[in-house]
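Hello,

Here is the structure I promised to pass on to you. Please open it beside this email and follow along as you read.

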Amino acid sequence: MAVADRGDRRAVVGVDGSPASRAALRWVVDWVASAGGGTVEAVHTWQTPYVYGPMGGALVTVDREPIERSAEEALTAAVDGIEITEGVVLRPLRVEGPCAQSLLDRAEGADLLALGNRGRGGFAGLLLGSVTHQCLHHATCPVVVLPDPRAGKDR
């Protein structure tokens with residue numbers, strides 16, 4: 001796989017507000033800057049929950065507006081305070097769909113996909129979150145996994 005020319009990089013970062021995803025975003029901004037610039041896509045994914053009955057029909061309809069607003073707030077918080085170097089364009093993106101597949105789709109043709117080692121999900125004892133694990137196995141571009149900066153410290 002050929003790497004983009006200097007100043008023409010495109011990197012995708014999964015952001016969910018976790019310390020590890022913020023560390024990944026900071027690292028990627030620095031990486032793109034060191035390569036002469038390019039675009040960093042900070043991607044926050046979300047889904048509308050559905051509850052299905054025994055015959056497959058939806059039992060509950062959900063008002064999407066509060067969910068979309070919450071996703072926008074989470075994305076804003078995830079990128080807030082990230083210093084952008086000259087030559088780097090930070091593009092915050094809100095994508096509806098399953099998290100791992102949405103990130104994989106967005107990273108198609110990118111120079112890099114970066115993720116935190118763990119997101120905000122349950123199972124805190126896992127070394128890798130399920131989304132990170134799935135992306136590592138199915139991405140078509142290089143993947144960088146950044147740890148929670150608090151790892152090894154009292155949380």
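L113 has V143, a residue of β7, standing opposite it. Two terms need spelling out: strands count as paired if DSSP finds at least two bridges between them, and helices (H or I, at least four residues) and strands (E, at least two) are DSSP runs, numbered from the N terminus.

Before going on, a word on the source: this is a predicted model, in which local features need pLDDT of at least 70 and side-chain atom pairs count only at pLDDT 80 or more, while totals for chains, interfaces and linings use all residues. Residues are numbered from 1 along each chain as its sequence is written, and side-chain values use heavy atoms, with hydrogens and water left out.

Now for the sheet that β6 and β7 belong to. Five strands make up this open sheet, in the order β5-β2-β1-β6-β7, and their pairing is parallel. Its edge strands, each pairing on one side only, are β5 (88–96) and β7 (143–146). From one strand to the next, the twist averages 20° (axes are lines fitted to C-alpha atoms, for helices over the stretch in contact, and angles run from 0 to 180 degrees between N-to-C directions).

Strand β2 (residues 38–46) deserves a look of its own. Nine of its nine residues are buried, so β2 is largely enclosed by the rest of the structure (buried means under 20% relative accessible area, exposed over 50%, partly exposed in between, with a 1.4 Å probe and protein chains only). Strand β1 (residues 9–14) runs parallel to β2 and is joined to it by six bridges; V12 has E41 in β2 as its bridge partner. β2 also pairs with β5, again in the parallel sense, over nine bridges, and there T45 has V95 in β5 as its bridge partner.

How does the chain get from β1 to β2? Together with helix α1 (residues 19–34), the two strands make a right-handed β-α-β unit. Right-handed here means that, with the strands pointing away from the viewer, the path from the first strand over the helix to the second runs clockwise.

Finally, the chain as a whole. It has four helices and seven strands, following the pattern β-α-β-β-β-α-β-α-β-α-β along the sequence. Of its 155 residues, 38% count as buried.

Enjoy exploring it!

Best wishes
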